[in-house]
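Keep the coordinates open as you read.

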Amino acid sequence: MVYKKSRITWLILSFILNSIISMAAPEFTEEELLLLKENKAITQEEFLILLRELTDGTANEKNFYNLKINNKLLNRNYEVLNENGKQYLQLQGFFSSIGFTNYYPHKESTEIFLGTELEEIILEHKKNKVIRAGKEIKFQGDYPKFIIRNGFVYVEKEVFEKIFLNELRIDNQNLDIHMGLNFTPPVAIDRLIDIAKEKLDRESNKKELVFGGKRTWFDLGYVNIDAGYNFSKSSESSKYDRKWDSSISYQGGLLFGELRFDYDLKENEARNFNLQYDQIIENHTLDISRDKLGSDGLWGLRLYKDRGYTNQGGQITISETVPIGSRAQLLYMGVPIEIEDEENGRVTFNSKEIKSNRDYQLKIYYPDGKIVLKDIRTTDDYNKQELGEFEYDININERKEIFLNGNNKDELYKGFDTQTNFYYGLTDKLTLGFGFSNEMEQNVQREKEYLKTLRGNIIYSDTLNGYSYTFRLDGERAFSNFYDTAGKNYSDMNSFGYLTEITKNKWRVTLEESRYAEYYEEKKKNSLNITYDILPNISLDYKYDKTNYYDGKREIEESLGFDVDYAIKGVLLGASADFDLRDSKNNEYSFNAYFGGIKNWNMRLENTWTNNGDDYEVALNLYNNNFKGFIDFSTEFRYSNTDKESFGIQFSMIIDDLITIDASGDKDGQRDLRLGIDKTIDLKNPFINIDSTDVSRANIITFVDQNNNDIYDKGEPLIEGVEVSIGLKKVITNKDGRAKIYGLSNGIEYDLNPKIKKPSYTLGNNKIKILSNFSSEVDVHIPIKPMMNLNGYIQLDKNLGLKPEAREEFYSNIIIQILDEKGNEIDIASPDNIGFFDISGLYPETYLLKVFYIGNDYKILNLNEKLQLKYDKNYGFDFQLLFNVSNKGIELVEKGKGAGL
C-alpha cells in the first residue's frame with residue numbers, strides 16, 4: 001500500500017487514527033503503524049502509545065530511529081532495542097539500509113565479509129564472541145553482546161561501533177542516529193568500480209592498430225641446417241665408430257598456409273611434410289601432413305583445438321608449439337620443474353609433478369631473445385562447451401599393414417583410419433557429443449575390413465547449494481559385422497558408462513562405471529576417486545578400481561596418495577607417497593627439489609623409491625640458458641641401485657647459436673660424442689643473423705596521415721628518420737620512409753615502439769602492434785600525425801564603440817573553444833590584450849569551433865562552425881583564422897591555407 005501525501009490522504013489517516021484510539025482495539029500491524037509514522041500521520045508519541053497497546057507493553061524495549069550514514073538519511077524506521085541498561089542496534093536493518101548482502105546467518109553465528117578486502121568477521125551469538133580475521137576482539141565487561149529476537153540479531157552499541165563504525169552519535173531525544181562507516185560500503189564499491197571502468201575506458205580510447213601477416217599462395221621462407229659428426233664407443237669395443245648426419249629444415253608460406261618439411265642429406269630423403277592452417281575456424285588448427293615423398297608416403301589430416309595438455313589415464317602431458325630453436329621451462333609455484341628443447345616445433349613435458357587441477361606456466365625462450373609466459377590450468381572439463389560453442393577433433397590418417405594370409409604369404413594393405421569427435425554446447429550447462437570412427441582391421445580370413453563405430457556423450461554441469469557437479473553419460477556401438485583373427489565378432493564391441501563428479505570446497509569425489517559387451521574380456525569396471533585438498537599445495541587422494549571379467553575373475557586396486565609441495569626463495573620442494581592398500585610391495589615414495597633462482601641457472605634433483613623403498617633412483621640435472629651471452633649447456637647425472645648401467649653423465653652445449661656439442665657416458669665404458677653446427681638462414685636475405693625458421697619479416701612504412709584516418713592512402717607522403725623498435729631489434733626508416741625487421745617469432749603479438757625525431761609530428765592516440773604469423777611478410781603502415789596550430793586574430797567592429805582602455809577587458813571575455821565531433825572539449829583559449837590567440841596540438845580532422853562572449857555589457861550572438869583541418873606540406877602547420885565581432889555577433893571572415901569549412 002502506498003500513501004500519497006495529499007489532503008484527502010491525511011483526512012483518511014486521521015479518521016483511522018481516531019477510530020483506533022476511540023475503540024482501544026489495536027487491529028493494525030506494527031508495519032502499518034510504522035507506515036503511518038513515516039508519512040507523518042501520527043507523531044512519535046502517538047506511535048509509541050499505539051505500539052505499546054499492540055505489543056502488550058513490550059514496546060518499551062524498542063525505539064525506531066532515523067538512520068543517517070555519512071549525513072544521508074537511509075532509514076526512517078531503524079530499530080534499536082533497550083535492554084539491561086544498554087542499547088542494541090539491529091544488524092539486518094543496518095545491512096538493508098546500506099544495501100549490504102555479503103553476510104551469511106547461521107544458527108549460532110553470523111559470518112560477514114567487509115569492504116573491498118573481504119575481511120572476515122564472525123559474530124558468535126552463543127559463545128558471546130566476535131572474531132575478526134581469525135582473532136577474538138576483546139571488550140571490557142561481561143555482558144551480552146548479542147540479542148536474538150524474532151529471527152533478528154541485535155548488537156550491543158559499543159560492539160557494533162567497534163566492528164563497523166568510525167563515528168556513532170545517537171540522539172535519543174529526537175530519535176536520530178548518525179553513523180560513519182569504517183569500511184567501504186557497496187555503493188562506494190560500485191563507485192570505485194565505475195571510476196576504474198572510466199579509467200579503462202579512457203585507456204581503451206587509444207586506438208590499437210594490429211598488423212598481421214597475410215596468407216599467400218607462396219612466400220619464400222627459411223631453412224635450418226643441422227649437421228654433425230658422431231663418435232661412439234660401446235663397452236665391448238676399444239675403437240670409436242664414426243658417422244655423420246645432416247638435415248635441412250624448411251618453413252615458409254604455401255597455399256595460404258605454412259609449410260614445414262625436413263630433408264635428410266645423408267639418406268637423400270625428404271620427409272615430415274606438414275601444411276598448417278592456424279586459427280582456421282573458431283580457434284581450431286588444421287594440419288595436413290605426409291611422412292615422406294614417393295609411393296610409400298602416408299597422408300594425414302587433423303582439425304583440432306589445442307588445449308595445451310592431454311590427460312590419458314591420469315598421466316598428464318603438457319605440450320606446446322614453439323619456434324624451432326626454442327627452449328621452454330615448465331613452472332609450478334614459480335619454480336622450473338622441467339626444461340625441454342624444441343623438437344619438431346614442439347616442447348613436451350610429462351613430469352610426475354604435473355597433476356590435475358593445478359596452475360602451471362610455460363616460460364618459452366624464443367631464439368630472438370623474447371621470453372613468453374603462457375598459463376595452463378590442467379582441469380578435467382570433460383569437453384564441456386559454452387552455449388553455441390563447437391569443438392572439433394577430426395583425425396584422418398593413412399596407414400599400411402602387412403597381413404599374413406593363410407598361405408603364409410605377406411600381403412601389404414593400405415587404408416585410411418578416421419576418428420572424429422564433435423562437441424556442442426546446447427546450453428551453458430548441457431553439452432552433446434558425437435563421434436565416429438572407421439578403422440582398418442584384419443578379418444579372420446586375413447583380409448582388410450573396416451571397423452565402424454559410433455560414440456555419443458551427454459555432459460551436464462551445474463552448481464547446487466555450493467556443490468559443483470558434473471554428470472557424463474557415454475556409449476560406443478560397433479556397426480561392422482565381421483570376425484577378427486581370434487574369431488570374435490566385432491559387432492559385439494559395444495560399451496556404455498557414466499561418470500559423476502561432485503566438488504565442494506576442498507573435496508572432490510569422482511565415481512565412474514563402464515560396462516562392456518561380450519567382445520571384451522572385461523565385463524564391468526568401477527572406479528572411485530576422492531581428493532581432499534588440505535591446503536592448495538597439500539592433498540590426499542584415495543583411489544579404488546574394480547574390474548570384473550566374463551570368466552569370473554575380479555581385480556581390485558586400492559591406493560592412498562599423499563602429495564605436498566612447498567616453495568621458498570626460488571626452491572620448490574615436493575614429496576609424495578603412494579600406498580598400495582592391497583600390496584605394500586608396490587608402495588612408492590619420492591622427494592624432489594627444483595631450483596631456479598640464480599640468473600639463468602636451473603637445477604632439478606629427483607629421488608624415487610619403489611618396491612616399498614628397497615629400490616632407489618636419483619637424477620641430478622643442471623641447466624643454464626645463455627651463459628655469458630653465447631653458451632647454453634645442460635648436464636645430467638643419474639644412478640639406480642637396480643640398474644647399474646643407468647649410472648652415467650650427459651652433457652649438451654650450444655655455442656653462439658652455431659656450434660653444438662653433445663656428450664654422454666657411463667661407468668661401463670659407453671661413450672658418445674657429437675660435434676656439429678646449427679644455423680638458420682633467411683632465404684630472402686641470407687646475410688642477416690636469425691635463430692629460427694618459425695619467423696616472419698616486418699615491412700615498416702611510415703607515412704604522413706594527412707586526413708587522420710590511420711590508413712595509408714595513395715599520394716600521402718612517406719616520412720624518413722623514424723626509429724622503430726621491437727624488443728632489441730631497431731631500425732630507422734630511409735628516405736623512402738621504409739625499413740625492414742627480420743626474425744619475428746610467429747604466433748606472438750609484439751608492441752612496436754616508433755620514435756619520431758622530427759618536430760611537429762606525433763604518433764597520435766594510437767598503439768601499434770604486430771601479429772607475426774604464417775612465416776610471411778607483415779606490411780606495417782605506421783600513421784604519423786602532423787601537429788597543427790590554429791593562429792587567430794579577433795578584430796572588434798567600430799560600432800561596438802569601445803574605447804582603447806576597454807578593449808583589453810572585452811578581449812578577456814571572449815572564449816574560443818575546440819571540441820571533437822562528439823562534443824568533447826579538446827582545448828580552450830582566450831585572446832591576449834590585443835586580440836591574438838593560439839591553439840596547438842591539433843590533428844588533421846574535423847572539429848567543432850565555438851567562439852562566444854561571456855561578458856554582461858553586450859548581447860552578442862555566438863559562433864558555432866565546423867572546421868576541417870587538412871595537412872598540406874606546402875603550407876606548413878600553422879593556419880590563420882580571422883574573426884570579426886560586432887553588435888550583430890561573431891563571424892569567421894577569413895581562414896588560412898589548409899583549413900576549411
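**Cores, a helix and charges**

The largest nonpolar core has 33 residues, and Phe94, Phe160, Phe164 and Met179 have the most contacts inside it. A nonpolar core here is a set of buried Ala, Val, Leu, Ile, Met, Phe, Trp, Tyr and Cys residues joined through side-chain atoms within 4.5 Å. Buried means under 20% relative accessible area, exposed over 50%, and partly exposed in between (1.4 Å probe, protein chains only). Leaving out residues up to four places away in sequence, Phe94 touches Ile69, Tyr78, Phe160, Phe164, Met179, Leu181 and Phe183. Contact means heavy atoms within 4.5 Å. A second, separate core of 29 residues includes Phe810, Ala829, Phe837 and Val885.

The model is predicted: local features need pLDDT of at least 70, side-chain atom pairs count only at pLDDT 80 or more, and totals for chains, interfaces and linings use all residues. Residues are numbered from 1 along each chain as its sequence is written, and side-chain values use heavy atoms, without hydrogens and water.

Now turn to helix α5, residues 157-164. Helices (H or I, at least four residues) and strands (E, at least two) are DSSP runs, numbered from the N terminus. The buried residues of α5 are Val159, Phe160, Ile163 and Phe164. They cover an arc of only 105 degrees around the axis, so they sit on the same side of α5. That arc is taken from the directions from the helix axis to the C-beta atoms. Glu156 caps the N-terminal end: a side-chain oxygen lies 2.9 Å from the backbone nitrogen of Glu158.

Next come the charges. A search of the whole structure finds 21 salt bridges, each a side-chain nitrogen of Lys or Arg within 4 Å of a carboxyl oxygen of Asp or Glu. Arg674 forms one with Asp245, the closest N and O atoms being 2.9 Å apart. This pair links distant parts of the chain: Arg674 is in strand β44 (residues 671-682) and Asp245 in strand β15 (residues 241-254), 429 residues apart. Arg674 is buried, at 15% relative accessible area, while Asp245 is partly exposed, at 26%. Salt bridges that share partners join Asp226, Asp245 and Arg674 into one network.

Which charged residue is buried yet has no salt bridge? Asp484 is that residue, and Lys488, the nearest side chain of opposite charge, is 6.5 Å away. Asp484 lies in the loop between β31 (467-478) and β32 (495-504). A polar atom of the Asp484 side chain lies 2.9 Å from the backbone nitrogen of Ala486.

How values were computed
Lys, Arg positive; Asp, Glu negative; His and termini not counted. Polar contact = N/O pair within 3.5 Å; in protein donor to acceptor, adjacent residues only side chain to side chain.
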